[in-house]
Amino acid sequence: MFFNSFSFAIFLPIVFLLYWFVFNKTKSTQNAVLIIASYYFYSCWDWRFLFLLVFSTFLDYYTGIMIEKAKTELGRKFWFWLSISVNLGFLGIFKYYNFFADSFSQLLNGFGLQTSPLLLNVILPVGISFYTFHGLSYVIDIYLKRIKAEFNFVDYSLFVSYFPLLVAGPIERATHLLPQVKVKRSFDFQKAKEGIFQFVWGLVKKVVIADTCATYANAIFDNYESMNSLSLMLGAVYFAFQIYGDFSGYSDMALGMSKLFGIDLLRNFNYPYFSRDIAEFWRRWHISLSSWFRDYLYIPLGGSSGGTAMKVRNTFIIFLVSGFWHGANWTFIAWGFINALYFLPLLLLKKNRSNMETVVLYWDFASVRVFLNILSTFALTCLAWIFFRAKTIEEAFNYIKRMFSDGRFVSQYMENERYNYELLVMVAVFVVVEWNSRTHIEPISGKYSWLKLGLCLAAIVALGTYSDYKEFIYFQF
Amino acid sequence: MKQFLIFTVKTLVLLFLLLVVLDFMYTTVYLQASNRGKIDYVYNSKPRIYDVVILGSSRANNHFVTQLFQEKGLKTFNYGMSGGHLFETSLLLKLMVERNYTIKNIIIETDLNLSNEHRAEGIASKFLPYIHDSNLVKEHFSGEKDFWQLYYIPFYRYIGFDAQIGFREMFFNFIHKKTAHLQNSGYAALEVGKKGNMKNDIRALKPIHNKYYEEIKQICANNNINLIAVMTPICSNTKGLDYFEKANKIYPEIHNYENVVQGDHYFSSCGHMNDAGARLFTATIIKDFFSLTKPLQRKSGQ
């Protein structure tokens, strides 16, 4: 059940009505409605994995309590590592086992030892990377005594399984979400209205921008050997907007619908393509994951506090792990590695925190430089996205090689019976709208909101891509 | 909450109005179109006179060279539609008759398309802009399981078939951008020397008593049109070639030309001949049916 599906359009109003009109007396009844709705939502994907979700929830709930109750440090450590190993064990088996088995076999084959890996025929449970990380952050926070364990199982289950964030984030923190589910929510019209606006804008990003860009990006990436330089460059740009529209659109829908239930979720994107350097990009892209890795990996490893060697090591670790989190493929690791390379000069020159405020442009020379910085950061990002999108690293290198060596910068008719340049106007309009609303959550609220809402709805129905339906990219992670 | 419910109702009303307005705009544009494809070329046309009209799928569109008919003095147009089934062929013929076309002969490709009565989404959708304007189109779609949505929900058809009749296509219709579909009097030549998949497996296909073929026969009989039904060539590396014999058992009047063009060099892919193969095949058809001024009724089952 996708957020942009017909079945979800039935599901959401029913849950909304039950939540505010039938079971609105206490926080417990409100939470009970949401947890039942969340489990139903998850079971629509694959009911068999509901048991995995419930088990994972129970494990972290129980180990959290046991860590807090443990009388000795050894006991605390025992429950902590039990939770960590089981959580990562599930993730490892379902998501990474085949990758490791295959890579190990290839390594042995490289040494002349012929082996065939024992691969498991398993389906990746949807959202496993997200809800595992929810649970991990909760247990780590209890172990580090940042929070108290939650004794109410329904409240804790809702923190892990709340349907807007269940399958593709944002990755919530117990410190942020749990306090909200511990109190009865009252209806707030302004918040709900903002939620509708954010949901609609997310839908624009998904069906108008992401799915349309996907049609072109797929035609280019899948036939890159016959594409000219211009097509290949546009392919990378279209994919950049596809993945941004897809993931940030999903996040906007999740945040927007959550506001309908009176619950705020963590912001996940903050106009990342207007970043002036890669460090700023990573403060604005998939913020809940970046901050998760910062808090639970980078800082425990020593962060930026040690010597240069330690900083470099930690930077590479966090980017490589971040790449690997996205999927069990060398292309994602390469993508993480490239981003680490981009980030490194900023770190070494201590410029990684030089662009903290929202970008502003004026009609002066300094702004030209800022504009060029934005363009060059976007270009570097697109180059890295090629590795993210390609099926293999070899394919990514061939794509880039052809992009710079073909030398033809002309229009090209593609396999999807479209010209390579056709989407440029739509992408440009999207960029202008995003630029003008970069200090807001979404562009609809404010003056003329009915007009803007009407334009967005018209764009969704008239410009959206429906027949060539694309799943949300991040569901596979 | 009351405020929110009013806001939600207003938003839904706004959405509904947008759907109605957009539906009206798109339909208006499609009602002016006549140079994008064969369906609008027929729908928005005045009466036409033809000696020969060719109908069918891509195996008609790519196989009947209209120029060769015209050289014989036969006014011909190839209305074969790539990807089309008999569902669309039948509707196209109904529209021609409704527009008072005078047609002496119809050559219809009836072979693999006999195996189903489903609509071909990509082609059938091109009739949908006219569903409110034409009773014929409405009636033809009335048995479809999504008819209610297609007919009663404004703009639904343009959303559901956005790749075929969505914004991009509407815009090109609006600016009267031409396509290649109507060039060469509808014949689409496939390049000689270009090789596609030269294997085919049609064992899963079963010819059936096809209601749309029956409709076409009835229309031709009612309007005094000479119907020539043919099965067109397919490459020799096809599994399940007995399909054509089975089809002939159900419909003995269909002329079987499945094996009249031999050799992979005449094919662009297993089911589609290239221009050279199409010319060879068309010449055979002309010789068999149009060698005299009056079309011959060829002995069936050759």
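Domain bounds here come from an automatic or database domain assignment. On that basis chain A is divided into domain 1 (6–186) and domain 2 (191–276 + 355–476). The model is predicted.

## The two chains

Chain A holds 18 helices and zero strands. Chain B comes to 14 helices and nine strands. The radius of gyration of chain B is 21 Å, close to the 19 Å that the globule rule gives for 302 residues, so chain B is as compact as a globular protein of that length. For chain A, a compact globule of 477 residues would have a radius of gyration near 23 Å, and the chain has 23 Å, which agrees.

| Chain | Extent along principal axes | Buried residues | Contacts joining residues at least 24 apart, among those at least 6 apart |
|---|---|---|---|
| Chain A | roughly 70 × 65 × 45 Å | 43% of 477 residues | 72% |

## Domain 1 against domain 2 in chain A

The centres of domain 1 and domain 2 of chain A, taken over C-alpha atoms, are separated by 29 Å. The domains do meet. In the contact, 17 residues of domain 1 of chain A face 17 residues of domain 2 of chain A. On the domain 1 side, three elements of chain A give two or more residues: helix 1 (6–22), helix 7 (163–166) and helix 8 (174–181). Helix 1 of chain A gives the most to that side, with three residues. By type, the domain 1 side divides into 11 nonpolar, four polar and two charged residues.

## Annotated spans

UniProt, in an unreviewed entry, places the feature "transmembrane region" at residues 6–23, 49–67, 79–98, 118–140, 370–388 and 449–467 of chain A. Two of these spans can be set against the model. Residues 6–23 of chain A are 94% helix and 0% strand, and their end C-alpha atoms lie 25 Å apart. Residues 49–67 of chain A are 95% helix and 0% strand, with end C-alpha atoms 27 Å apart.

Helix 5 of chain A covers residues 128–143. At 1.5 Å a residue, its 16 residues should span 22 Å, and the end C-alpha atoms are 22 Å apart, which agrees. Of those 16 residues, 14 are buried, so helix 5 of chain A is largely enclosed by the rest of the structure. Just after this helix, A:K145 takes a positive phi of about 60°.

A:L53 lies in helix 3 (residues 50–69) of chain A. Is A:L53 buried or exposed? The cut-off for burial is 20 or more other C-beta atoms within 10 Å. A:L53 has 23 within that distance, so A:L53 is buried. Leaving aside residues up to four places away in sequence, A:L53 touches A:Y42, A:Y131 and A:S161. A:L53 and A:G135 are 82 residues apart in sequence, yet 11 Å apart in space, C-alpha to C-alpha.

## Two loop residues with positive phi

A:H286 sits in the loop between helix 11 (278–284) and helix 12 (287–298) of chain A. Its phi is near 40°, a positive value in a residue other than glycine. A:H286 is buried, with 23 other C-beta atoms within 10 Å.

A:Y448 is in the loop between helix 17 (424–436) and helix 18 (449–463) of chain A. Phi of A:Y448 is near 55°, again positive in a residue other than glycine. The surroundings are another matter. With 10 C-beta neighbours inside 10 Å, A:Y448 counts as exposed.

## Chain B against chain A

Which elements of chain B give two or more residues to the side that touches chain A? The contact takes 17 residues from chain B and 18 residues from chain A. The elements in question are helix 1 (2–32), helix 9 (156–160) and helix 10 (162–165) of chain B. Helix 1 of chain B supplies the largest share of that side, nine residues. The chain B side divides into 13 nonpolar, three polar and one charged residue.

Terms used
Residues numbered from 1 in each chain as written. Chains lettered and ligands numbered in written order. Predicted model: local features only at pLDDT ≥ 70, side-chain atom pairs only at ≥ 80, totals over all residues. Contact = placed C-beta atoms within 7 Å. Helix = DSSP H or I, 4+ residues; strand = E, 2+ residues; numbered from the N terminus. Nonpolar A, V, L, I, M, F, W, Y, C, P; charged D, E, K, R; others polar. Expected span 1.5 Å × (residues − 1). Buried ≥ 20, exposed ≤ 12 C-beta atoms within 10 Å, placed from the backbone. UniProt positions renumbered as here; feature names shortened; annotations may be inferred. Rg over C-alpha atoms; globule rule 2.2 N^0.38 Å.
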